[in-house]
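Work through the following exercises with the sequence and the 3D structure at hand. Try each task before reading its solution.

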Number of protein chains: 2
Amino acid sequence: MHRSRLSNFILDCKVDDIDAAATFWSRALGRAVVPPTPESGNYRELTSSKEEPMLLLQQVTHDSRIHLDIETDNLDAEVKRLEALGAKRIAFVKERWWVLEAPSGHRFCVVQPQRGALDSHATAWDDAATKR
Amino acid sequence: MHRSRLSNFILDCKVDDIDAAATFWSRALGRAVVPPTPESGNYRELTSSKEEPMLLLQQVTHDSRIHLDIETDNLDAEVKRLEALGAKRIAFVKERWWVLEAPSGHRFCVVQPQRGALDSHATAWDDAATKR
């Protein structure tokens, strides 16, 4: 048995200034920017409630887009489950997260838990069922 | 004074079968598909709580991507507010919603209220401030 849920939407921004992009989206959506720390790197976060997916921005070099992440307490089991549904493995990045491609053509990531316990909106999956 | 908020994320799906795409994402995210009605057209919805942005899928002919919508009780005032922040008008579609482009390169829509009152996570904007 493992758990997973929709973790966040990330606005991948091909911009010179990720703080300017965060300011635009903060004002556009009426969501404060979470003050960045040295660990924020090329990421910024807009405030969201515990009930919502997180709202992130990331400075990137590819074209701007939005992608979503699924967070899980068992990366291997979750990737196998998604493969069984028709997703394809694209890359295992920094030995921390998987990039997959959905049958709908969207690339998304499967990541470690991003904000503690996987409680609201999480689903418990029967790993034995995936193996059958 | 007008109000707006993040309304939804839409997975634009370049697929032959939007129901198959909805089934994949339903199982991937652990969110039931809201049973489609004749009015659903090329849209499908995954369940979300009132506190969250809605999760929609749309069958499209352009490449698959994800975009977000902002809902508002005053389309004109909201588009002017977003223009003042640096967004550009792209198109007014079916005389119902605006497509804008953010300074970060993302296209997004400004739409009429999608699910009744703009209560949780909405912001009230002072239109006089935008005009100054």
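The exercises below concern a predicted model, and they cover pockets, salt bridges, aromatic rings and backbone angles.

**Exercise 1. The largest pocket**

Task: Find which residues lie nearest the centre of the largest pocket, and which strand gives the most to its lining.

Solution. 
Step 1. The general idea is that rolling a probe the size of a water molecule over the atoms shows where empty space is left.
Step 2. The volume of the largest pocket is about 820 Å³.
Step 3. Its lining consists of 30 residues, and those nearest the centre are B:Ile10, B:Tyr43, B:Gln58, B:Asp69 and B:Trp97.
Step 4. In chain B, at least two lining residues come from each of strands S1 (2–13), S3 (43–46), S4 (54–59), S5 (65–72), S7 (97–101) and S8 (107–111).
Step 5. The strand that gives the most is S8(B), with four residues.
Step 6. Sorted by class, the lining holds 13 nonpolar, eight polar and nine charged residues.

**Exercise 2. The second largest pocket**

Task: Describe the second largest pocket by its volume, its lining and its classes of residue.

Solution. 
Step 1. The second largest pocket holds about 600 Å³ of space.
Step 2. It is lined by 25 residues, and the closest to its centre are A:Tyr43, A:Gln58, A:His67, A:Trp97 and A:Cys109.
Step 3. Strands S1 (2–13), S4 (54–59), S5 (65–72), S7 (97–101) and S8 (107–111) of chain A supply at least two lining residues each.
Step 4. With four residues, S8(A) gives the most to this lining.
Step 5. The classes come to 10 nonpolar, nine polar and six charged residues.

**Exercise 3. Salt bridges within chain A**

Task: Locate the partners of the salt bridge between A:Asp19 and A:Arg44, and decide whether each partner is buried, partly exposed or exposed. Then do likewise for A:Arg31 with A:Glu52 and for A:Arg81 with A:Glu78.

Solution. 
Step 1. Over all chains there are 18 salt bridges.
Step 2. In one of them, the side chains of A:Asp19 and A:Arg44 meet at 2.6 Å, N to O. A:Asp19 is in helix H1 (residues 18–29) and A:Arg44 in strand S3 (residues 43–46), so the bridge links distant parts of the chain, 25 residues apart.
Step 3. A residue under 20% relative accessible area counts as buried. A:Arg44 is therefore buried, at 11%, whereas A:Asp19 is partly exposed, at 36%.
Step 4. A:Arg31 and A:Glu52 form a salt bridge at 2.8 Å, N to O. The partners are 21 residues apart, with A:Arg31 in the loop between H1 and strand S2 (33–34) and A:Glu52 in the loop between S3 and S4.
Step 5. Both values fall under the cut-off of 20%, because A:Arg31 has 5% relative accessibility and A:Glu52 has 3%.
Step 6. The closest N and O atoms of A:Arg81 and A:Glu78 are 2.9 Å apart. Both residues lie in helix H2 (residues 75–85), three residues apart, which is about one turn of the helix.

**Exercise 4. Aromatic rings**

Task: Which kind of aromatic pair do A:Phe9 and B:Phe9 form, stacked or edge-to-face?

Solution. 
Step 1. The count of aromatic pairs over all chains is nine.
Step 2. The planes of A:Phe9 and B:Phe9 are 10 degrees apart, and the centres 3.6 Å. Planes under 30 degrees apart count as stacked, so this pair is stacked.
Step 3. The pair crosses between chains, from strand S1 of chain A to strand S1 of chain B. Both A:Phe9 and B:Phe9 are buried.
Step 4. One aromatic cluster consists of A:Phe24, A:Trp25 and B:Phe108.
Step 5. Charges also sit over rings: A:Arg81 lies over the face of A:Trp125, at 3.6 Å from the ring centre, and B:Arg89 over the face of B:Trp98, at 4.8 Å.

**Exercise 5. Positive phi**

Task: Say where A:His121 and B:Lys94 are found, and give their phi values.

Solution. 
Step 1. Most residues other than glycine have a negative phi.
Step 2. A:His121 has a positive phi, near 70 degrees. A:His121 is in the loop between S8 and strand S9 (123–125) of chain A, and is partly exposed at 26%.
Step 3. B:Lys94 also has a positive phi, near 50 degrees. B:Lys94 is in the loop between strand S6 (88–93) and S7 of chain B, and is exposed at 62%.

How values were computed:
Residues numbered from 1 in each chain as written. Chains lettered and ligands numbered in written order. Predicted model: local features only at pLDDT ≥ 70, side-chain atom pairs only at ≥ 80, totals over all residues. Heavy atoms only, no water. 1 Å grid on protein atoms, 1.4 Å probe; cavity = no way out; pocket = protein on both sides within 12 Å on 5 of 7 lines; lining within 4 Å. Points joined across faces, edges and corners; volume = space filled by probe spheres on them. Nonpolar A, V, L, I, M, F, W, Y, C, P; charged D, E, K, R; others polar. Salt bridge = Lys/Arg side-chain N within 4 Å of Asp/Glu carboxyl O. Buried < 20%, exposed > 50% of the residue type's maximum accessible area, 1.4 Å probe, protein only. Phe/Tyr/Trp six-rings, centres within 6.5 Å; stacked < 30°, edge-to-face > 60°. Lys NZ or Arg CZ within 6 Å of the ring centre and 35° of its normal.
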